[in-house]
Amino acid sequence: MNPLAHIGRAFSVFLYGVGHFVIFGARGLSHCFRPPFYPAQLGRQLIDIGYYSLPVVGMTTLFTGMVLALQAYSGITKVGAETAIPTIVIVAVTRELAPVLAGLMVAGRIGASMAAEIGTMRVTEQIDALTTLSTNAMKYLVVPRLIAGALMLPCLVLVGDIIGTFGGFLIGVYKLGFNPSTYLGNSWDALEAVGVISGLVKASAFGFAIAVMGCYHGYNSRGGAQGVGAATTNAVVSASILILILNYIITELFFSR
Amino acid sequence: MSQHQPPTAGRRPKIALSGLHKAFGPKHVLNGLDLEIAEGESVVVIGGSGTGKSVLMKCILGLLDPDRGTVHVDGRDTTRLSGSERDRLMRHFGMLFQGAALFDSLPVWQNVAFGLMQAKGMSRGEAKRIALSKLAAVGLEPAVGELWPAELSGGMRKRVGLARAIATEPDIIFFDEPTTGLDPIMGDVINDLIVKCVRELGATALSITHDMASARKIADRIAMIYGGRIIWAGPVSDIDRSGNPYVDQFINGRAEGPIKMQIREE
């Protein structure tokens, strides 16, 4: 077969997929503002995404903060700038590491679970059953997940900011010999509202992206258990890639000069 | 092929399908299908696997959009309804899915009460009372209402699915392969329940099946689909003398005849 035809077909399929996904996301977003609303479903998702993700996000950011302090120390002792360690930790954690790593961990945990749950509902005709019971599946299944994703990831990242900074503090004080009040003072001085706010904006965008990807792949899964498995994998991979792309775009918006 | 008999003479059909076409890529599943169902009538569409029975039902329910043709319910064309209009129409429908399609995340009574609470806005207590009465109507104890769908046997799942389908007392009930996957005795129990529930509600019923015992029991009229069209339709009492070789081959389950089984997809 003509290799150009192969490339053209693959590109067409890619564009179709992107268009389909964008329409799905836009439909989901528009349903967020139109009744009926399902508060019980939203509550369930808020707990599932927010509360049950706390341990994994907490562990991730704690060890990230600790490793960051160690790495920073081993890197900057050569130039004699050890006092910059609290600044490096807090800036890196609040601006980048907490939102991105929390986003990636939640993409693995929640994106997969959304795709698997909605995908199973699709292949077992439960989504068709919702429609026959006069219930819009977008409003009942997708909207609560989108709202919960966009609301809860910033909360997780805020907690992650604190725990990550605490991880750096533990290493700084108990391993590198910093005075605790000096470390905290340096951290406080380095803390900028724009850093925290940009991290929270990123988190909200990542949460929405994770939920859209999970719902989109689950909603459009086909072909039984294999299809649900593929949807789950695709949801996690595509959400992770989207997080990295959005991270660049939002960083550019906040910090480019 | 013989012409199917004229339906619903002198009465406005509850459901009227006209010139329905539906294709998936190059495969034409429905090919100008016509069918009318009178109010209060129970019609069973029979046909082999892959002949378009499920597609036909999904086109009526609005789960699939037909490529061409019209679906009229109570004289109204339902093929181009908006989302909210479709939701309102759905309140007149009940549906028993082949695998029951119960919501895994809800206990049995909430599955049955789902349409009452979500679509009709009924209070939780009132919906639960009605759900338990519908479970009793299909021969299930109130304790079953507290179980989860994963804890039910195949026959119990079908009964719960039936209770859910009749909970909102719909005008039209659809049954997708109601006895598939059940043993013959449980299949007959489900058939009896379908007949009882449809009669008590005075509902119009459309079923699709390839189980002839089920079709004979629940149908007032049988229609056979083949090649994307209804090739024969008539009262259930006429099915054995249809004079249609396709119908004869199908109801007698013979490998030899005008219907050639497709071993490979083309």
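1. Conventions. Residues are numbered from 1 along each chain as its sequence is written, and chains are lettered from A, with ligands numbered from 1, in the order in which they are written. Because the model is predicted, local features need pLDDT of at least 70 and side-chain atom pairs count only at pLDDT 80 or more, while totals for chains, interfaces and linings use all residues.

2. Chain A overall. Nine helices and zero strands are assigned to chain A, helices being DSSP runs of H or I with at least four residues and strands runs of E with at least two, numbered from the N terminus. The C-alpha atoms of chain A fill a box of roughly 65 × 55 × 35 Å along the principal axes. Of its 257 residues, 46% are buried (20 or more other C-beta atoms within 10 Å of the residue's own; exposed means 12 or fewer, partly exposed in between, with C-beta atoms placed from the backbone).

3. Leu253(A). This residue is found in helix α9 (residues 224-255) of chain A, and it counts as exposed because it has 10 C-beta neighbours inside 10 Å. Its C-alpha atom is separated by 9.3 Å from that of Ser198(A), which is 55 residues apart from Leu253(A) along the chain.

4. Contact between the chains. Chain A supplies eleven residues and chain B supplies 16 residues, contact meaning that C-beta atoms, placed from the backbone, lie within 7 Å.

5. Helix packing in chain B. Helix α4 (residues 124-137) of chain B packs against helix α5 (residues 154-167) of chain B at an angle of about 125 degrees, with the axes 9 Å apart; axes are lines fitted to C-alpha atoms, for helices over the stretch in contact, and angles run from 0 to 180 degrees between N-to-C directions. The contact involves Ile130(B), Ala131(B), Lys134(B), Leu135(B) and Ala137(B) of α4(B), together with Ala163(B), Ile166(B) and Ala167(B) of α5(B).

6. Sheet in chain B. Six strands form an open sheet of mixed pairing in the order β6-β7-β8-β3-β9-β10 (chain B), where two strands pair if DSSP finds at least two bridges between them. Strands β6 (93-96) and β10 (229-235) of chain B stand at the edges, each with a single partner strand, so one side of each lacks a neighbour in the sheet. Strands β3 (residues 42-46) and β9 (residues 221-226) of chain B run parallel and are joined by four bridges, with Val45(B) standing opposite Ala223(B) in β9(B).

Notes
Contact = placed C-beta atoms within 7 Å.
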